[in-house]
Amino acid sequence: MDILESVREAGDARTRYHRAMAGFFKALRAGLNGEPDVAEGDRFTAAGKVITCSHCAHDRFAEGHAQLNTAGMSFLNLDWANRSAATLACLRCGHIEWFLHDPDSAE
Ligand SMILES: [Zn+2]
């Protein structure tokens with residue numbers, strides 16, 4: 001691939017990334033404001049149970065992943081666990097639920 005193609009592809013990837021992030025924050029903001037008609041987010045299950053926000057009981061989340069702090073995990077005696085965790089950000093109140101294993105998508 002020539003240099004122009006590389007530059008163009010990098011630009012496209014950046015644009016897609018910024019659109020995705022803008023969409024996420026817009027959904028989160030709208031969720032925080034309690035507006036109807038926002039991006040609905042997804043429902044998930046863990047251990048066969050639908051996940052609801054432990055703060056507001058909403059069941060729509062934006063999924064993400066976060067690196068775990070190794071020192072913190074040692075302190076918590078969780079060295080056996082993955083070095084990254086799945087995070088579900090509640091689209092209504094913004095509370096983040098953490099899971100050591102990826103939760104399943106629910107319909
Ligand atoms: Zn919530």
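Me: Starting with Ala47, does it count as buried or exposed, and why?
Reply: Ala47 counts as exposed because it has 9 C-beta neighbours inside 10 Å. By the definition used here, a residue is buried if 20 or more other C-beta atoms lie within 10 Å of its own, exposed if 12 or fewer, and partly exposed in between, with the C-beta atoms placed from the backbone.

Me: What kind of model is this, and how are the residues numbered?
Reply: This is a predicted model, in which local features need pLDDT of at least 70 and side-chain atom pairs count only at pLDDT 80 or more, while totals for chains, interfaces and linings use all residues. Residues are numbered from 1 along each chain as its sequence is written.

Me: Back to Ala47, where does it lie, and what is its phi?
Reply: Ala47 lies in the loop between β1 (43-46) and β2 (49-50), and its phi is positive, about 55 degrees, although the residue is not a glycine. Most residues other than glycine have a negative phi. Strands here are DSSP runs of E with at least two residues, and helices are runs of H or I with at least four, both numbered from the N terminus.

Me: What about Ala57, where is that one, and is it buried or exposed?
Reply: Ala57 is found in the loop between β2 and β3, and it is exposed, with 10 other C-beta atoms within 10 Å. Ala57 also has a positive phi, near 70 degrees, without being a glycine.

Me: Changing topic, what is the order of elements in the protein chain?
Reply: From the N terminus on, the order is α-β-β-β-α-β-β-β, which comprises 2 helices and 6 strands. Of the 107 residues in the protein chain, 12% count as buried.

Me: Which strands make up the open sheet?
Reply: The open sheet has 3 strands in the order β3-β4-β5, with antiparallel pairing, where two strands pair if DSSP finds at least two bridges between them. β3 and β5 stand at the edges with a single partner strand each, so one side of each is left without a neighbour in the sheet. The twist averages 30 degrees from one strand to the next, with axes taken as lines fitted to C-alpha atoms (for helices over the stretch in contact) and angles running from 0 to 180 degrees between N-to-C directions.

Me: How many bridges join β3 to β4?
Reply: There are 7 bridges between β3 (residues 61-67) and β4 (residues 84-90), and Ala66 stands opposite Ala85 in β4.

Me: And how many join β4 to β5?
Reply: β4 is joined by 4 bridges to β5 (residues 96-99), the two running antiparallel; Ala89 stands opposite Ile96, and Thr87 has Trp98 as its bridge partner. These two strands form a hairpin with 5 residues between them, and Gly94 in the turn has a positive phi of about 85 degrees.

Me: Last one, what does Ala106 touch?
Reply: Leaving aside residues up to four places away in sequence, Ala106 touches Arg43, Phe44, Thr45 and Val50, where contact requires C-beta atoms, placed from the backbone, to lie within 7 Å. The C-alpha atoms of Ala106 and Val50 are separated by 7.4 Å, with the two residues 56 apart along the chain. Ala106 is found in strand β6 (residues 104-106) and counts as partly exposed because it has 13 C-beta neighbours inside 10 Å.

Notes: Contact = placed C-beta atoms within 7 Å.
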